[in-house]
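Here are a few notes to read alongside the model. Have a look at the pockets first, then at the strands.

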Amino acid sequence: MKFELKRVSGKSILFVMAAEAEYGPFLRSRIDPLMTGVGPVEAAIAMTRALGQLEAQDDLPDMVVSLGSAGSSKLEQTEVYQVTSVSYRDMDASPLGFEKGRTPFLDLPATVELPLRIPAVPEASLSTGGNVISGADAYGRIAADMVDMETFSVLRVCQIYDRPLIGLRGISDGAIELQHISGWTEYLHVIDRKLSYAVDGLFTALEDGVFWF
C-alpha cells in the first residue's frame, strides 16, 4: 500500500484518490496519495487499512483530503469545487420508515456537513454512490450539486478515526449523457491542473494558520 503523508507547517495530510487516470502530472508534482480503487466499498477498505496502519505507527494524519473527478449537470465542466456536504445515495431504507439516505440505527443525518473550507475555492454539495450517473433523468433524481463514488465512504472512516475531511472535486462530465469511458477521461488533464491549484491553496491556508487542530 503505497502513499506518503504530506507535511505542511507541522501538520500532516493524507490525500486520497480513486483512480490513476485522475492523477496527472500537476498533482504528481505535489502529492503522493492513497489510491483506493473505484467505488464506495473499495474506498472504505483502503481507507480503513491505511488509517489502521498509520494508527499502529502513531502517525495518524491531522487531515484527510479526498480529491478527484465528479459528475454534474448543474456545475461548470472542468471547474473544481470543495465539498460542503456529502450524502449516500445508495442507502434507501424508506420502506421500513427511515428517511431516504439515512442509515438505519446510525446516529447520522442523511446529509453530513463538511465544515472546513479552503479560501477562494467554490463550494458545492456532493452525493456518493456505487453507480455512474448519466443523463438528465438520473441527475434530476439527485438533490446534490455533483456526484462521485467514494467521498462518503472516506468520510465514514475519517469519523471512526476522528479525522477531519476536506473534499475536492473537478467536474469531468454530466453536461451530456455518457456514451463511453472517454466521456469521463476527456478533461481529466484539465482537472488535474486545477485540482493542483486547490491543493496549493490548502497549503497556503495551513501556512497562514487558517485551520486549527
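1. Let's start with who lines the largest pocket: 9 nonpolar, 7 polar and 4 charged residues. (Ala, Val, Leu, Ile, Met, Phe, Trp, Tyr, Cys and Pro count as nonpolar, Asp, Glu, Lys and Arg as charged, and the others, Gly among them, as polar.) Bear in mind that this is a predicted model: local features need pLDDT of at least 70, side-chain atom pairs count only at pLDDT 80 or more, and totals for chains, interfaces and linings use all residues. Residues are numbered from 1 along each chain as its sequence is written, and side-chain values use heavy atoms, with hydrogens and water left out.

2. Strands β5 (80–88) and β7 (123–128) each give at least two residues to that lining. Strands here are DSSP runs of E, at least two residues, numbered from the N terminus.

3. Now for the second largest pocket. Its 21 lining residues include S69, V132, M149, D173 and W184, the closest to its centre. Two or more lining residues come from each of β4 (63–71), β8 (146–148) and β9 (165–173). By class, the lining splits into 11 nonpolar, 4 polar and 6 charged.

4. How many residues of β4 are buried? The count is 9 of 9, so β4 is mostly covered (buried means under 20% relative accessible area with a 1.4 Å probe, protein chains only).

5. β4 also has parallel neighbours. It pairs with β9 over 8 bridges, and L67 has L168 of β9 as its bridge partner. Strand β2 (residues 11–17) joins β4 through 4 bridges, with I13 partnered by M63. (Two strands pair if DSSP finds at least two bridges between them.)

Technical notes:
On a 1 Å grid over the protein atoms alone, a cavity is a set of points where a 1.4 Å probe fits but cannot get out, and a pocket is an open set with protein on both sides within 12 Å along at least five of seven lines; lining residues have an atom within 4 Å of a point. Buried means under 20% relative accessible area, exposed over 50%, partly exposed in between (1.4 Å probe, protein chains only).
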